[in-house]
Amino acid sequence: MAKKRPQTKAKPQPIDGEIPVVGAREPCPCGSGRRYKACHGRAAAHAVTELVQRPFEGLPGECDWVALRELVPAATAELTLRDGLPEGVPSVTLATVLPMAWPALRRDDGSVLLGLQNDTASGDISRDLADTLLRALEAEPGTPVQGRRAPTEGLRLQDLLDPEGAFQPVVHSGFEFWVPDAENAAPEVAASLERANAAAIPTVRLSGVDAAYWCETPEKNHLRWVMPHPEEQLLDALARLHAAGRSSLGEGTRLVGSFRAHGLTVPVWDLPSGISAKDVEQPAAEFAERLAAALTVTEPLTPQERRARGGLTNRQVTLS
């Protein structure tokens, strides 16, 4: 019977820089001899499961970041970097989605498009987007950036973007912003563009209030309004207005509930199909004034207001 060879463990070999991500059962690239999941993979696994509740907190226009991530089919916004644009990069633009679901794209002219609605590998969307943006800034012009798991201790968007920079979303009717010349786009891009345009719900950002988006659906229209106020305080204020019959946006409209997205609360109104975004501008501005006053009230809710709050709360849907 042949003797078994003595088992020898590989001696750890120092690796300069970041430890690469490998399969959970593969040997860790650091050379420890342990499996990746029992070594450097522990921190990566923790990063995947640790959810940052408000990933866009501290960014200019946090409410609009949430809206573009969850509500708006086609929109762009110019981004201002904290340290200015690198040489050869004329602009950096946030986009809701990109062709072929690319996380980012370095265009032929050197400009960068960063996709917002892609799936992310960790619980911190801000860190994942920052990692994609940094790689896009260094990518060769004319190439897309593929997704990956961001380094555990990587920078976040809050580290890269100018905290004083304006964030002004531009909502588009379609995705022609993907390419400078949509009529002569590559076949795969043209096909992706056609599919995306067919699926896009008509959406308009109101101009008189912040982060309120009208959208048109076959049966009825809606207004979805991302608000920055603490959830409990906001729900109390909405309940006070609802109980007093002052929560609508005009005849035929109705506050139907709210949902939570990335740590913020988004009230939703049903609108008759004949009400356009322009029609709801003035009612929304007037509602904003009523809400501001209701937010200052600190007295306990009345029984009627508690019932109204319960109704609104029961109709909540948590997106993330």
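What is the mean pLDDT of the chain, and what percentage of its residues reach 70 or more? The mean is 88, and 88% of the residues get to 70 or above. As a reminder, pLDDT is the predictor's confidence in each residue, on a scale from 0 to 100.

Hello everyone, a word on the ground rules. This is a predicted model, where local features need pLDDT of at least 70, side-chain atom pairs count only at pLDDT 80 or more, and totals for chains, interfaces and linings use all residues. Residues are numbered from 1 along each chain as its sequence is written, and side-chain values use heavy atoms, with hydrogens and water left out.

Let's begin at the start of the chain. Over residues 1-16, pLDDT stays under 50, and the model has 11 contacts (heavy atoms within 4.5 Å) beyond four places in sequence for this stretch. Where pLDDT is low, the predicted coordinates should not be read in detail.

Ala211 has a phi near 60 degrees and is found in the loop between strand 7 (203-205) and strand 8 (212-216). Strands here are DSSP runs of E, at least two residues, and helices are runs of H or I, at least four, numbered from the N terminus. Ala211 counts as buried because its relative accessibility is 1%. His262 has a phi of about 50 degrees, and lies in the loop between strand 10 (254-261) and strand 11 (264-271). His262 is buried too, at 6%.

So, buried or exposed: what is Lys278? Lys278 counts as exposed because its relative accessibility is 73%. Lys278 sits in helix 7 (residues 277-295).

Finally, please find Cys63 in the model. Cys63 counts as buried, with 13% relative accessibility.

Terms used. Buried means under 20% relative accessible area, exposed over 50%, partly exposed in between (1.4 Å probe, protein chains only).
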